[in-house]
Amino acid sequence: IGCSYVRGAKGPNSFDCSGFVYWCLRQSGVSVSYMTSIGWRTTSRFTKVSGMGSLQRGDILVFSGSSMSSGHVGIYCGGGKMIDASSGAGQVRTSTTVLKSGGYWEKHFLMAYRVF
């Protein structure tokens, strides 16, 4: 929490969203290739979760961005919280509004992936 957001950074002191997910998975012992947020939309390696009502702690959340060539990924922490490297916040942070009905995240949710 608090590490700087830097586009293209993969840690350990600065991250972008996909670099943060990549670093966390590697630290957890998951051998995974680096994927951008767009790459997470089409992976077949992990079990796909289609609805936000089925999320479990540790799921990788995949969101659309303002265009088809942009997006965002984070890690679900449970209780409606996500940890992510946020360009808007400029750092790695915890968001508490992931499951807010009608909120930003709900409107942009594409899918999640169950890694564990």
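1. Buried here means under 20% relative accessible area, exposed over 50%, and partly exposed in between (1.4 Å probe, protein chains only). Aspartate 84 is buried, because its relative accessible area is 0%.

2. The model is predicted: local features need pLDDT of at least 70, side-chain atom pairs count only at pLDDT 80 or more, and totals for chains, interfaces and linings use all residues. Residues are numbered from 1 along each chain as its sequence is written, and side-chain values use heavy atoms, with hydrogens and water left out.

3. Aspartate 84 belongs to strand β6, residues 81–86. Strands (E, at least two residues) are DSSP runs, numbered from the N terminus. Of the 6 residues of β6, 5 are buried, so the strand is largely enclosed by the rest of the structure.

4. The side chain of aspartate 84 has a polar contact of 2.6 Å with the side chain of histidine 72, and another of 2.6 Å with that of arginine 93. A polar contact is a pair of N or O atoms within 3.5 Å; within protein, one must be able to donate a hydrogen and the other to accept it, and residues adjacent in sequence count only if both atoms are side-chain atoms.

5. On one side, β6 pairs with strand β5 (residues 71–78) in the antiparallel sense over 3 bridges; two strands pair if DSSP finds at least two bridges between them. Tyrosine 76 has methionine 82 in β6 as its bridge partner. The β5–β6 hairpin has 2 residues between its strands, and glycine 79 in the turn has a positive phi of about 60°.

6. Strand β7 (residues 91–95) is joined to β6 by 5 bridges and runs antiparallel to it. Alanine 85 stands opposite valine 92 in β7.

Definitions and conventions:
Helices (H or I, at least four residues) and strands (E, at least two) are DSSP runs, numbered from the N terminus.
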